[in-house]
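The questions below take up a few helices and residues in turn.

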Amino acid sequence: MSRPRSFDEDAVIEAAMRQFWRHGYAGTSVRDLGQVMGLGQASFYNAFGDKRSLFARCLDRYLDQGMRERLRRMAATQPPRLAIAGLLEEIVARSLRDRMGCLLVNSALEVAPHDRGVAGVVASRLAELEDFFRGRVLAGQADGSISLARDADDLARLLMTLLLGLRVLARGRPDRATMQGAVRQALALLD
């Protein structure tokens with residue numbers, strides 16, 4: 001019979017998420033994770049399996065606290081075209097304010113090219129973002145606020161790429177005018 005866990009799972013996942021966010025996947029060892037989580041190696045492996053499994057849970061926690069909440073809110077409270085514009089405006093503001101970048105984008109750049117397992121985790125999370133844009137484009141095309149002249153899948157991919165690019169651009173060239181100009185041009189494609 002296994003012993004009950006003697007730690008707050010939410011708190012240790014939050015600590016691990018912050019460690020991955022600050023130092024990256026490759027820059028975070030299981031030992032580092034154990035230290036910030038207050039767990040020994042045996043407890044770590046018994047509770048979370050391995051580093052990649054824990055990373056996937058941390059990434060989901062990060063997305064639940066940010067991106068997924070924003071996507072739900074925008075889809076539920078805004079007409080389709082305004083939901084797209086509102087999300088991109090929030091991303092510009094957040095990117096300029098948050099100097100650690102986006103954990104999802106950081107992971108896509110840092111680890112995904114070198115680790116197929118992490119690449120799969122990142123790709124599935126990016127698909128959620130693309131699905132949001134596709135859904136809003138299709139809804140906008142149905143209500144007439146977005147032109148039918150462009151393919152919804154292509155627009156969704158373009159908007160996802162723009163959002164990711166904004167997050168990267170803010171790390172190296174955090175210029176509001178540049179970022180807002182890119183958003184304006186992408187939104188013009190919806191006309």
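Q: In which helix is the place of L159?
A: The model is a predicted one, in which local features need pLDDT of at least 70, side-chain atom pairs count only at pLDDT 80 or more, and totals for chains, interfaces and linings use all residues. Residues are numbered from 1 along each chain as its sequence is written, and side-chain values use heavy atoms, with hydrogens and water left out. Helices are DSSP runs of H or I with at least four residues, numbered from the N terminus, and on that count L159 has its place in helix α9.

Q: Is L159 buried or exposed?
A: A residue is called buried under 20% relative accessible area, exposed over 50% and partly exposed in between, with a 1.4 Å probe and protein chains only. Contact means heavy atoms within 4.5 Å, and, not counting residues up to four places away in sequence, L159 touches I84, L88, F133, V137, A186 and L190. With a relative accessible area of 0%, L159 is buried.

Q: How are α6 and α9 oriented to each other?
A: Axes are lines fitted to C-alpha atoms, for helices over the stretch in contact, and angles run from 0 to 180 degrees between N-to-C directions. The axes of α6 and α9 cross at roughly 15 degrees and come within 9 Å. Angles under 35 degrees count as roughly parallel, over 145 as roughly antiparallel, 65 to 115 as roughly perpendicular and the rest as oblique, so α6 is to α9 roughly parallel.

Q: Which residues of α9 does α6 meet?
A: On the α6 side, the residues taking part are I84, L87, L88, I91, V92, R94 and S95. Their partners in α9 are L159, L162, L163, L166, R167 and A170.

Q: How are α6 and α10 oriented to each other?
A: The axes of α6 and α10 are 10 Å apart, and the two helices pack at an angle of about 165 degrees. The two helices are therefore roughly antiparallel.

Q: How many nonpolar, polar and charged residues does the contact of α6 with α10 have?
A: In this contact R81, I84, A85, L88, V92, S95 and L96 of α6 meet R176, M179, Q180, V183 and L187 of α10. Ala, Val, Leu, Ile, Met, Phe, Trp, Tyr, Cys and Pro count as nonpolar, Asp, Glu, Lys and Arg as charged, and the others, Gly among them, as polar. The residues of the contact of α6 with α10 divide into eight nonpolar, two polar and two charged.

Q: Which helices do the buried residues of α10 pack against?
A: The buried residues of α10 are M179, G181, V183, A186 and L187. They pack against α6 (80-97) and α9 (152-172).

Q: How far apart are the end C-alpha atoms of helix α10?
A: The expected span of a helix is 1.5 Å times one less than its number of residues. Helix α10 (residues 176-188) has 13 residues and should therefore span 18 Å; in agreement with this, its end C-alpha atoms are apart by 18 Å.

Q: Is α7 parallel or oblique to α8?
A: Helix α7 (residues 103-110) and helix α8 (residues 116-143) have axes 10 Å apart and pack at an angle of about 135 degrees. That angle makes α7, relative to α8, oblique.

Q: Is Q141 buried or exposed?
A: Q141 is found in helix α8, and, leaving aside its neighbours within four places in sequence, Q141 is in contact with I146, S147, L148, R150 and A152. Its relative accessible area is 12%, and Q141 is therefore buried.
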